Amino acid sequence: MRHALFATALLLCPALASGAAAQATMQGQGPSIPGPLPEAPAGQAFATAELAGPDGARLGTAAFVETPAGVLIQIRLQNVPPGMHGLHIHERGACEPPDFRSAGGHYNPDGRAHGYMAPGGVHAGDLPNLFAASNGEAGADILTDRVSLGTGANTLFPEGGTALVLHSGPDDYRTDPAGASGDRIACGVILRTTQP
Ligand SMILES: [Cu+2]
C-alpha cells in the first residue's frame, strides 16, 4: 500500500443519489456531517487545523492522526461553495487572509512535480479533491502515507510549519504547481496537539 491513498467523500446530502431523499435534505432534515474526533487514540500523534475563509470566518476543522498506515486526515467543514475543491498541505504554517499566499506552495520536501497523474509526481502535500454539497457541508476522511506527524522526513512540522489549504476549483491532478485549482478560499495552520 505504499503511496496508496484514498478518500471517502461523505456525500451526506443524498441529492445526487436519490431525488426523494434530496427534497428532505435540502430542507435541512437530512443527516449532517459529524464533528472531528475530539482526541487521538492513546499513544498516537495528533494534530488539528482550524480552517477559516478569506473574511476570517471559521469554516471547520481538520484532525490529523498518525496511524500504522499513514496520517488519517478527518475534515469537517461548513459554508463551503458547492462543488469540487482542490485540497493540499502547503509549505508554511501561515494563513493570512484574504489570499493565503503566506502559506507558500505545496509541501514538497522531495522536490517532485504536482499531481497524481503527472510524470514525476507527486507532492507530499497533494491530497484528493474535497466535495462540498449544496448545503455547503464538506467532509472527508483521507489517508496519506506521504507525510508524518513525527520528527523525521516529510514531517508536517518542519521549521515554519505547514497549513491545510482549500482552493476555489478542482485540482486536475496534473498541472504544475497546484492543479489549476484556482484561488485559495480556506486555510488552517496545522498544529501539533500531541507529542509523537
Ligand atoms: Cu494548494
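Student: Where is Ala132 placed?

Tutor: Helices (H or I, at least four residues) and strands (E, at least two) are DSSP runs, numbered from the N terminus. Ala132 sits in strand S7. This is a predicted model: local features need pLDDT of at least 70, side-chain atom pairs count only at pLDDT 80 or more, and totals for chains, interfaces and linings use all residues. Residues are numbered from 1 along each chain as its sequence is written.

Student: Is Ala132 buried or exposed, and why?

Tutor: A residue is buried if 20 or more other C-beta atoms, placed from the backbone, lie within 10 Å of its own; 12 or fewer make it exposed, and in between it is partly exposed. Ala132 is buried because it has 21 C-beta neighbours inside 10 Å. Across the protein chain of 196 residues, 39% are buried.

Student: Which residues does Ala132 touch, leaving out those up to four places away in sequence?

Tutor: Contact means C-beta atoms, placed from the backbone, within 7 Å. Ala132 touches Val80, Pro81, Pro82, Gly83, His85, Glu137 and Ala138. Pro82 is 50 residues away along the chain, yet the two C-alpha atoms are 4.7 Å apart.

Student: Which residues have the most contacts inside the largest nonpolar core?

Tutor: In soluble globular proteins, nonpolar side chains tend to be buried together. A nonpolar core is a set of buried Ala, Val, Leu, Ile, Met, Phe, Trp, Tyr and Cys residues joined through C-beta atoms within 7 Å. Here the largest has 40 residues, and Leu51 and Phe64 have the most contacts inside it. Strand S3 gives the largest share, 5 residues.

Methods:
Two residues are in contact if their C-beta atoms, placed from the backbone, lie within 7 Å.
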